[in-house]
Amino acid sequence: ATAMAAKSGVSADSIIEMWEMNGRASREFGSAVHSALQLYEAHRGTAKALGKQSNIHDNFVLKGIVESFISAHKDENVLGEVLVVDHNTKRAGQIDRLQILGDKHGRVTDYKTGKIQDKLPMYFEQCKFYSGIMEAAGWKMEAPIIYHWDGEWREYGQPIARDKTQVSKPSKSPATKMARPSNPAEVQQVRTRLEHYHNQPS
């Protein structure tokens, strides 16, 4: 910022403030897209019962992004914000989007916005960490998928390590830091939801 300020005649403080505002806008947009997608997937049943598409956000930008995603994924069976725990190895985390593929068969997926190419390895390590917890509970997990919005939806996939010793814990950056659950009732609620899918007839 100092070099740019000297060359342009603009104060370094103004340049830094511009960068910070740019970053904040990107983060807030990403959060809005994430929330709008979760609104759609978490309340499909509610909207169907009401006979309205109340689970699709009415902001025209978010509506377009969500409807574009729906067109390719409307028939998927998913759970959002799934808390997973492996007490034996003291691992825990929250899966943003767990796709249910069958009886104890699933896939960890996530949505991202902005420039993510440099961060993809970190995102996949995070997803594989969650997949490892699910596999420790007896689930068969397919390779994670990252869905990226950059004006259109793009899909990134990567083979998953079946040897759980190869599944690395993500670095403790703000983007991947995971809170270990301490509320037994909260843990039991998630177990109940997963068992519900496990006990569904094929």
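Predicted model: local features only at pLDDT ≥ 70, side-chain atom pairs only at ≥ 80, totals over all residues.
Student: Which residues make the nonpolar surface patch?
Tutor: Met4, Ile16, Met18 and Trp19 make the patch, which covers about 390 Å².

Student: Which helix gives the most to it?
Tutor: Helix H2, residues 12–42, with three residues. Tryptophan 19 is found in helix H2.

Student: Is tryptophan 19 buried, partly exposed or exposed, and why?
Tutor: Tryptophan 19 counts as partly exposed because its relative accessibility is 41%. The cut-offs are under 20% for buried and over 50% for exposed.

Student: New topic. How many salt bridges does the count come to?
Tutor: The count comes to nine salt bridges.

Student: Why can such side chains pair at all?
Tutor: Side chains of opposite charge can pair when their charged atoms come close.

Student: What does glutamate 67 form a salt bridge with?
Tutor: With lysine 63; the closest N and O atoms are 2.8 Å apart.

Student: Where do glutamate 67 and lysine 63 lie?
Tutor: Both are in helix H4, residues 60–73. They are four residues apart, which is about one turn of the helix.

Student: And how much relative accessible area does glutamate 67 have?
Tutor: Glutamate 67 has 33%, so it is partly exposed. Lysine 63 is also at 33%, and therefore partly exposed.

Student: Which helix holds glutamate 125 and lysine 128?
Tutor: Helix H5, residues 120–136. Glutamate 125 and lysine 128 are three residues apart there, about one turn of the helix. Their side chains meet in a salt bridge, at 3.1 Å from N to O.

Student: Is lysine 128 buried or exposed?
Tutor: Lysine 128 counts as buried because its relative accessibility is 10%, and buried means under 20%. Its partner in the salt bridge is glutamate 125. Glutamate 125 is at 22%, so it counts as partly exposed.

Student: What about lysine 112, which residue does it form a salt bridge with?
Tutor: Aspartate 110, with the closest N and O atoms 3.2 Å apart.

Student: Are lysine 112 and aspartate 110 buried or exposed?
Tutor: Both lysine 112 and aspartate 110 are buried.

Student: Last one. Which residues are linked in a network of salt bridges?
Tutor: Glu41, Glu76 and Arg97 are linked in that way.

Key
Residues numbered from 1 in each chain as written. Heavy atoms only, no water. Patch = residues over 30% accessible without salt bridge, like charges linked within 9 Å, V, L, I, M, F, W, Y side chains within 5 Å. Areas by Shrake-Rupley, 256 points an atom, 1.4 Å probe, with all protein chains shown as cover. Salt bridge = Lys/Arg side-chain N within 4 Å of Asp/Glu carboxyl O. Helix = DSSP H or I, 4+ residues; strand = E, 2+ residues; numbered from the N terminus. Buried < 20%, exposed > 50% of the residue type's maximum accessible area, 1.4 Å probe, protein only.
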